Amino acid sequence: MTDTILVVDKLKKYFPTKRGTVKAVDNISFSVTTGETIGLVGESGSGKTTTAQCVIGIYPPTDGEILFKGQTISEAFSKRSKALKRDIRIVFQDPGSSLNPKRSIKQILSVPLKVHRVATKKDHLTKIKSLLAMVELPPDEYMYKYPQAIGGGEKQMVAIARALATDPSLVLLDEPTSALDVSVQGKIINLLMKLQQDLNLTYLFITHDLSLMRNVASRVAIMYLGKLCEIAPTVEFFQNPTHPYTKMLLSAIPVVSQEEKALKPTKIASRGEIPSPVNVPSGCSFHSRCSEKMDMCAQDDPVMVEIGEGHVTRCHLYQDTKVAASIEQEEGVHAQDPVDQPRGDG
Amino acid sequence: MSPLLDVRDLSVGFKIFEGYLSVLNGVELTLGEGERVGLVGETGCGKTTTVKSILRVLPMPPARIAGGEIFYRGKDILKMKRREVQTLRRMELTAIFQDPLMSLNPVFTVGTQLRDIVKDSLGASGKKLTKKQITARCIEALKETGMPDPERIMSNYPIQLSGGMRQRVCIAEALSTTAQLLLADEPTTNLDVTIQDQILRKLDELVEEKNTSVLMITHSLGVVMDLTQRLYIMYAGTMVEEGQTEELFASPLHPYSQGLMKSVPKLTGEGVSDGIPGRIPNYLDPPAGCRFHPRCEHTMPICQTEKPPLFNVENGRHVACFLYRS
């Protein structure tokens, strides 16, 4: 592994409500390597956004630790140093509401420059121009426009420029294209990918669109009810999904061609809805919708098990493979595909 | 055989303070008995306006029908009297809209709303049922949509239900009547993929069972692929292409359709295309001629002056593009 930029370790975020505690994020751990794009995928209410908000500091975590470049950053946003705020930036879902409608684009972009003292006042204008040029908007045309006068895609470009104004190393993208049309989405995604190359950025990409992740992410993490179900490198993830929830998600994606249909796992009828996070099912939280439910699933919560190179899954079906894999490794037998075995039983 | 629904050269605009928004510009659409047709386009291309014109629920003013006809079983909906349209809506047409929270009344229980609809549609056909029978029918309709515990749901208010369940209530409402034509306006856009999958499969089953014709409106191309036989692609208030769904997906002909198909991220992972440059035109001052010409890479001089009609290309496909003028 090359150097790790972000480590989320046993992160918990609970919200007390009148009806009980909402476990928005419940004991999740993952790490992000510098320069990669990790896709955090899940249904609405699965805790994707809360995770991002804990990382950026909007909510201090209830428990657990977040390490950024080796230092703990679990404190609240107001207590964070400016250098840290400069290093982690976020792009929100709806640019229509994240950009101030009463300010021109020049004013919007000058805020981070002023707050973080990125450039001296004299250089503000050139810096704003270079930022707009970076996101491929002609500066002279757009600088004095207001958000309402430009299209949704262009607004999101401005939001990206604002996030990049302070030269961050980690950017959280919270569904940056889900409010946009597909014909606009492509441009934004390609721009983000180009910027990642040029500026050596690391992305935590939150989305519910798995087809998009196939094309963008280097690793994919699936979240369900505040917990991670499966993390795997993208190619492995789509070729060899293991968790029943992942399979259900993949088979529910609407596709447009026969080649894609062939890539989907055999149809697993999706059923049920995501339960209320106040009243999480006992044991494995997915057991109420799972097609391969066993007796133990309702009692014991499975733990994360590594079943392949960088591929971890949290399901009782794979709990023994860890032992099997370790034995095989000891014997010097290269485990080609330890997944086959339990799948045959199921 | 005359089609069930036949929209001919429909033009609809809105008179607003800034001027006249010419939204629909000669929409052509036909739908046969028992057929399932998809209508795809980006935000703001006039999909919902089309549906609302068919249902005649556009507020007038500001809306204005500038021209065209909508024939339902040979009768022009636009020329009908108010009474006739109401009967049509009670008996023949039905709709599911995007946001179920907006289409359900927040101050009445699901049961009250559903009972009203069942009673009304039965009343219009001259049948009379007892209260018990009506309730039984409502519960049956909810059960058909795959709703768990329909008896309890009947006494719930819409806010007490999740998004997927609300949409199921809307489907139950729409299909509990004797309707022949279902207009589904982005029925699953607000839902998660797993819920979308469930709802669409259920809708598919029910429509099959009742032999209802469907006009499915969406901006998600994957959704129409599974559910429709024929497809219209719409851009800026005009139909740009029409054809059998599978053929159209396999080989889109219009430059706009080609761009649209290419922009969909694929599971095969070959990267994302840059999409289509520019954006949908301003309806206050739409481009003359073909409305797509400012964004088109094959633009010709004729595109700027003349609106292309739907040219007939091989095996019944129609494209509104001068590239295919034979």
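This is a predicted model: local features need pLDDT of at least 70, side-chain atom pairs count only at pLDDT 80 or more; totals for chains, interfaces and linings use all residues.

Student: Is Leu204(A) buried or exposed?

Tutor: A residue counts as buried if 20 or more other C-beta atoms lie within 10 Å of its own. Leu204(A) has 27 other C-beta atoms within 10 Å, and it is therefore buried.

Student: Which residues does Leu204(A) touch, not counting residues up to four places away in sequence?

Tutor: With those neighbours in sequence left out, Leu204(A) touches Val32(A), Ile38(A), Leu40(A), Ala52(A), Val55(A), Leu170(A), Leu172(A) and Leu173(A). As for Leu250(A), 46 residues separate it from Leu204(A) in sequence, and the two C-alpha atoms are 21 Å apart in space.

Student: Which domains does the assignment give for chain A?

Tutor: The domain assignment of chain A gives domain 1, covering 4–222, and domain 2, covering 241–345. Taken over C-alpha atoms, the centres of domain 1 and domain 2 of chain A are separated by 30 Å.

Student: How many residues of each domain of chain A are in contact with the other?

Tutor: In chain A, twelve residues of domain 1 are in contact with ten residues of domain 2. On the domain 1 side, the elements that give two or more residues are strand S2 (20–33) and helix H9 (210–216) of chain A, and the largest share, four residues, comes from S2(A).

Student: How do the residues on that side of domain 1 of chain A divide into nonpolar, polar and charged?

Tutor: The side of domain 1 of chain A that touches domain 2 has four nonpolar, five polar and three charged residues.

Definitions and conventions
Residues are numbered from 1 along each chain as its sequence is written. Chains are lettered from A and ligands numbered from 1 in the order in which they are written. Domain bounds come from an automatic or database domain assignment. Two residues are in contact if their C-beta atoms, placed from the backbone, lie within 7 Å. Ala, Val, Leu, Ile, Met, Phe, Trp, Tyr, Cys and Pro count as nonpolar, Asp, Glu, Lys and Arg as charged, and the others, Gly among them, as polar. A residue is buried if 20 or more other C-beta atoms lie within 10 Å of its own, exposed if 12 or fewer, and partly exposed in between; C-beta atoms are placed from the backbone.
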